[in-house]
Amino acid sequence: ERHFRALIEHAYDIVVVLAPDGSFLYHSPAVGRVLGYGPEEIDGTNALDLIHPDDRERAASVLSTSPLPTGTDAMFHFRLRHKDGTWRVLEALGREIDSNPNNGIVVNARDVTERLRAEETLRATETRLRQVHKMEAVGRLAGGIAHDFNNVLQAIYGYADLLLDEFEKADPRRR
């Protein structure tokens, strides 16, 4: 028992047991590390109260799909309110403790907020890089066209100079 308690208490990921109505039956100390709440602040609360209003209906539907078919996991992402008022994105996996849905659902959750921010930054950077590559290609194309056009103009100027030499100074065509 000491061994398994140590595993749960020192885990970085959140481990909670939720009743079908969303109330906490158990929460690991990682709740405090990830969300900033102490045990006394979480005891007696409902997990749905911490979930972002836009995600609450989806989270409630995951809890209400109980009983889950045997061996089935419910994977979902949702935003949870940190004690400081910010929203953290959690990736969670829920599974019923046993065949009796009243015994609760075990939820393992990992804070993926920073990973999602990094992925969004990477996507934005890749988008800017693609735009830079497009502009570079357009610049090369414009430079190539200008070079080719300049070659044609040089030939026209050359022939115009030769033609000027054929006309007398007073010839109106010279102008």
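Q: How many residues sit between β1 and β2 in the hairpin?
A: Five residues. Keep in mind that this is a predicted model. In the turn, glycine 22 has a positive phi of about 100°.

Q: And which way do those two strands pair, parallel or antiparallel?
A: Antiparallel, over three bridges, with β1 covering residues 14-18 and β2 residues 24-27.

Q: What stands opposite valine 16 there?
A: That's histidine 27, in β2.

Q: OK, switching to packing. Which residues have the most contacts inside the largest nonpolar core?
A: Ile14, Val16, Leu18, Phe24, Leu35, Phe78 and Leu80, in a core of 25 residues. Several elements supply at least two residues each, among them β1, α5 (53-64), β3 (74-81) and β4 (87-96).

Q: Which element gives the largest share?
A: α2 does, with four residues of this core.

Q: Back to leucine 18: what does it touch, leaving out residues up to four places away in sequence?
A: Leucine 18 touches Ser23, Phe24, Leu25, Ala47, Leu63, Gly104, Ile105 and Val107.

Q: New topic, aspartate 171. Where is it?
A: Aspartate 171 is in the segment that follows α6, the helix at 113-166.

Q: Buried or exposed, and why?
A: Buried, because its relative accessibility is 17% and the cut-off for buried is under 20%.

Q: What lies 2.9 Å from a polar atom of its side chain?
A: The backbone nitrogen of arginine 173.

Technical notes
Residues are numbered from 1 along each chain as its sequence is written. This is a predicted model: local features need pLDDT of at least 70, side-chain atom pairs count only at pLDDT 80 or more; totals for chains, interfaces and linings use all residues. Side-chain values use heavy atoms; hydrogens and water are left out. Two strands pair if DSSP finds at least two bridges between them. Buried means under 20% relative accessible area, exposed over 50%, partly exposed in between (1.4 Å probe, protein chains only). A polar contact is a pair of N or O atoms within 3.5 Å; within protein, one must be able to donate a hydrogen and the other to accept it, and residues adjacent in sequence count only if both atoms are side-chain atoms. A nonpolar core is a set of buried Ala, Val, Leu, Ile, Met, Phe, Trp, Tyr and Cys residues joined through side-chain atoms within 4.5 Å. Contact means heavy atoms within 4.5 Å.
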